[in-house]
Amino acid sequence: MALETLTVKGMSCGHCVSSVEGSVGELSGVESVKVALDKGQVEVSYNENELNLGKIKEVIEDQGYDVV
């Protein structure tokens, strides 16, 4: 399992948290996803044999947020 902490810009409310956690959590290979709204961070634990970090970033960006 890989554990990554991504900095994400544009998240500001509970809906943002639900949107990101829900969309990333649906990906095959994701074990857990937690948004720290106050820090603007998303922590993702995933199986790197099933999923790559680029796909996780793409899904977050598709929700309208910027991964920096």
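This is a predicted model: local features need pLDDT of at least 70, side-chain atom pairs count only at pLDDT 80 or more; totals for chains, interfaces and linings use all residues.
1. Helix 1, which covers residues 14-25, and helix 2, which covers residues 53-62, have axes that come within 9 Å and cross at roughly 140 degrees. An angle over 145 degrees would be needed for the pair to count as roughly antiparallel, and helix 1 and helix 2 are therefore oblique to each other. The crossing of helix 1 and helix 2 is right-handed.

2. Which residues bring the two helices together? From helix 1 the contact takes Val20, Ser23 and Val24, and these meet Ile56, Val59 and Ile60 of helix 2. By residue class, the contact of helix 1 with helix 2 divides into five nonpolar residues, one polar residue and no charged residue.

3. The model holds zero disulfides when the whole structure is searched. Cysteine 13 takes part in no disulfide, and the nearest cysteine sulfur to its own, that of cysteine 16, lies 3.5 Å away. A disulfide is counted for sulfur atoms within 2.5 Å, so the 3.5 Å between the sulfur of cysteine 16 and that of cysteine 13, its closest cysteine sulfur, is too far for a bond.

4. Cysteine 16 is found in helix 1, and when residues up to four places away in sequence are not counted, it touches Gly10, Met11 and Tyr65. Between cysteine 16 and threonine 5, which are eleven residues apart along the chain, the C-alpha separation is 17 Å.

5. Is serine 45 buried or exposed? Its relative accessibility is 9%, so serine 45 counts as buried. Serine 45 has its place in strand 3, residues 41-46, and, with residues up to four places away in sequence not counted, it touches Met1, Ala2 and Leu3 as well as Gly29, Val30, Glu31 and Ser32.

6. Glutamate 31 is found in strand 2, and at 53% relative accessibility it counts as exposed. Its contacts, leaving aside neighbours within four places in sequence, are with Met1, Ser45 and Tyr46, and Met1 and Glu31 are both among the residues that serine 45 touches. Although glutamate 31 and methionine 1 are 30 residues apart in sequence, their C-alpha atoms are 8.4 Å apart in space.

7. Lysine 34 is also a residue of strand 2, which covers residues 30-36, and its relative accessibility of 51% means that it counts as exposed. Once neighbours within four places in sequence are left aside, lysine 34 is in contact with Glu21, Gln41, Val42 and Glu43. Ten residues along the chain lie between the positions of lysine 34 and valine 44, and their C-alpha atoms are separated by 6.6 Å.

8. Glutamate 4 is found in strand 1, residues 2-9, and at 29% relative accessibility it counts as partly exposed. Leaving aside neighbours within four places in sequence, its contacts are with Val42, Glu43, Val44, Tyr46 and Leu53. Val42 and Glu43 are also among the contacts given for lysine 34, and Tyr46 is one of those given for glutamate 31. The C-alpha atoms of glutamate 4 and valine 68, which are 64 residues apart along the chain, are separated by 13 Å.

Terms used: Residues are numbered from 1 along each chain as its sequence is written. Side-chain values use heavy atoms; hydrogens and water are left out. Axes are lines fitted to C-alpha atoms, for helices over the stretch in contact, and angles run from 0 to 180 degrees between N-to-C directions. Helices (H or I, at least four residues) and strands (E, at least two) are DSSP runs, numbered from the N terminus. Angles under 35 degrees count as roughly parallel, over 145 as roughly antiparallel, 65 to 115 as roughly perpendicular and the rest as oblique. A crossing is left-handed if the near helix is turned anticlockwise from the far one by less than a right angle, and right-handed if clockwise. Contact means heavy atoms within 4.5 Å. Ala, Val, Leu, Ile, Met, Phe, Trp, Tyr, Cys and Pro count as nonpolar, Asp, Glu, Lys and Arg as charged, and the others, Gly among them, as polar. Buried means under 20% relative accessible area, exposed over 50%, partly exposed in between (1.4 Å probe, protein chains only).
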